[in-house]
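Have the structure open as you read along.

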Amino acid sequence: MTTKKDTQEMDLNALLRSVGESFTSAQRSMLGEINVPANMMLSNAELELKGVVYSDTRGTPMVRMLTTEDIARNEINPSMISTLKIGFTSVVGNPEEEPVPVSPTTPPQETVKVPDLKGLSLQEAVSVLKKNGWSYTAHAAAKKDVDAAGRDSFGLILKQKPTPTAKPRKDKTIDLWVNLGSTPVTEIDGIGEKTGKTLAGNGIRSVGELSLTKADRLAKILQTNEQRAQGFIDMANLMSKMTLLGLKDEVVELLVKGVGIRSLGELSKTDPEKLLRLSKKAIQEKRIQTPRAFNVTQKDVEEWIRISTN
């Protein structure tokens, strides 16, 4: 089987030489028997072409010219089209020399300002990015950044790269660091101190960081199967969602590890009196580490349930 060569593709330098030779031939054919310098008959000219300019695997500049067949098939992506303007100037007094082609010009690339996303919720930031054609990667903010930002920054973008004052990347990608709380991974059932150290050695220290980890990577780190790894991630996601709803770290730990809540739906359907009783029992039995002044009231549990239904 043979691959038919695309005759519309051509080495860019070869194209310039070819057009230059054609211009020289045109000059000479216009002179005929007249004994005058060629530049007096046709001193300059400009050729404008439409095509796609790119580099092949060896780095050679190439051009693929558009044809009426391309137009008829409607296979033209306007963003890929470049305008090549080739100018020629004859050298006075030396008609035998070939005209010097001017390098083709292409339209300047559109510059896109990097959006300022700091202080927005992840949902708000994603909406802005999608609207402007950006792609993103979300990361859980480091504990030191979370502590510095304070509890009022739960669920918000703490930093981004590139910053609004930086030059945008060509592929329009951006990295976001979100405050998903600083709850340690050891607060998830099944992750003890030894596993926690293993995760920390791979840059996964908080529940937020764990919630953004891929199952295959986590399985490899923990040398376990992806199903078990996904279970840890699902629990981390639940705890992160609770944090994004405004619940404090100690409340999240109490609900998930102390009481055994496994989803926001389960929390929303829990009887307030039962939740209060289970919460107080978990604190009394020291299933979780809580601040000395930490206390739970009927009003607290009713607010947790209300938040989970929104």
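This is a predicted model: local features need pLDDT of at least 70, side-chain atom pairs count only at pLDDT 80 or more; totals for chains, interfaces and linings use all residues.

## Strand pairing and a helix crossing

Strand 7 covers residues 173-178, and five of its six residues are buried, leaving the strand mostly covered. Strand 7 pairs with strand 5 in the parallel sense, and with strand 6 in the antiparallel sense.

| Partner of strand 7 | Residues of partner | Sense | Bridges |
|---|---|---|---|
| Strand 5 | residues 135-140 | parallel | six bridges |
| Strand 6 | residues 157-161 | antiparallel | four bridges |

Now let us turn to the helices. How do the axes of helix 6 and helix 8 cross? Helix 6 spans residues 193-200 and helix 8 spans residues 215-222; their axes come within 10 Å and cross at roughly 120 degrees. Because of that angle, helix 6 is oblique to helix 8. The crossing of helix 6 past helix 8 is right-handed.

Which residues meet there? From helix 6 come T195, T198 and L199, and these meet L218, I221 and L222 of helix 8. By kind, the residues of this contact between helix 6 and helix 8 are four nonpolar and two polar, with no charged ones.

Note on methods. Residues are numbered from 1 along each chain as its sequence is written. Side-chain values use heavy atoms; hydrogens and water are left out. Buried means under 20% relative accessible area, exposed over 50%, partly exposed in between (1.4 Å probe, protein chains only). Helices (H or I, at least four residues) and strands (E, at least two) are DSSP runs, numbered from the N terminus. Two strands pair if DSSP finds at least two bridges between them. Axes are lines fitted to C-alpha atoms, for helices over the stretch in contact, and angles run from 0 to 180 degrees between N-to-C directions. Angles under 35 degrees count as roughly parallel, over 145 as roughly antiparallel, 65 to 115 as roughly perpendicular and the rest as oblique. A crossing is left-handed if the near helix is turned anticlockwise from the far one by less than a right angle, and right-handed if clockwise. Contact means heavy atoms within 4.5 Å. Ala, Val, Leu, Ile, Met, Phe, Trp, Tyr, Cys and Pro count as nonpolar, Asp, Glu, Lys and Arg as charged, and the others, Gly among them, as polar.
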